[in-house]
Amino acid sequence: MNRSTAEHGVTPEPQRPRCQEYQDIKHERAQALEAGDRQTAARVTETMSAHLWKVHV
Ligand SMILES: [Zn+2]
């Protein structure tokens with residue numbers, strides 16, 4: 001049971017990709033940030049931008 005809606009209602013994100021892989025990466029990053037794991041968060045951020053370049057450009 002995922003509640004992956006909400007939280008993003010305010011800020012408009014232009015060209016927000018909606019693919020499952022991106023959602024997974026985003027989720028992983030959110031969890032790392034929540035856990036205060038900056039190293040993992042930074043690594044996942046890299047994975048995220050790599051994914052955007054590779055798949056969505
Ligand atoms: Zn994607």
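Helices (H or I, at least four residues) and strands (E, at least two) are taken here as DSSP runs, numbered from the N terminus. On this basis the protein, a predicted model, has 2 helices and 0 strands. Residues are numbered from 1 along each chain as its sequence is written. Because the model is predicted, local features need pLDDT of at least 70 and side-chain atom pairs count only at pLDDT 80 or more, whereas totals for chains, interfaces and linings use all residues.

Helix α1 spans residues 20-34; its 15 residues reach 21 Å from the first C-alpha to the last, close to the 21 Å expected at 1.5 Å a residue, where the expected span is 1.5 Å times one less than the number of residues. Gly36, whose phi is positive, near 75°, follows α1. Helix α2, residues 38-56, has 19 residues and extends 26 Å between its first and last C-alpha, close to an expected 27 Å.

Two packed helices are described by the angle between their axes and the distance between the axes. For α1 and α2 the angle is about 165° and the axes are 8 Å apart, the axes being lines fitted to C-alpha atoms, for helices over the stretch in contact, with angles running from 0 to 180 degrees between N-to-C directions. The two helices are therefore roughly antiparallel to each other, a term applied to angles over 145 degrees. Their crossing is left-handed, that is, the near helix is turned anticlockwise from the far one by less than a right angle. Residues in contact (C-beta atoms, placed from the backbone, within 7 Å) include Tyr22, Ile25 and Arg29 in α1, and Val44, Met48 and His51 in α2. By class, this contact has 7 nonpolar, 4 polar and 3 charged residues, with Ala, Val, Leu, Ile, Met, Phe, Trp, Tyr, Cys and Pro counted as nonpolar, Asp, Glu, Lys and Arg as charged, and the others, Gly among them, as polar.

In α2 the number buried is 1 of 19, so α2 lies largely in the open. His51, in helix α2, counts as partly exposed with 16 C-beta neighbours inside 10 Å; leaving aside neighbours within four places in sequence, His51 is in contact with Glu21, Tyr22 and Ile25.

Methods:
Buried ≥ 20, exposed ≤ 12 C-beta atoms within 10 Å, placed from the backbone. Parallel < 35°, antiparallel > 145°, perpendicular 65-115°, else oblique. Contact = placed C-beta atoms within 7 Å.
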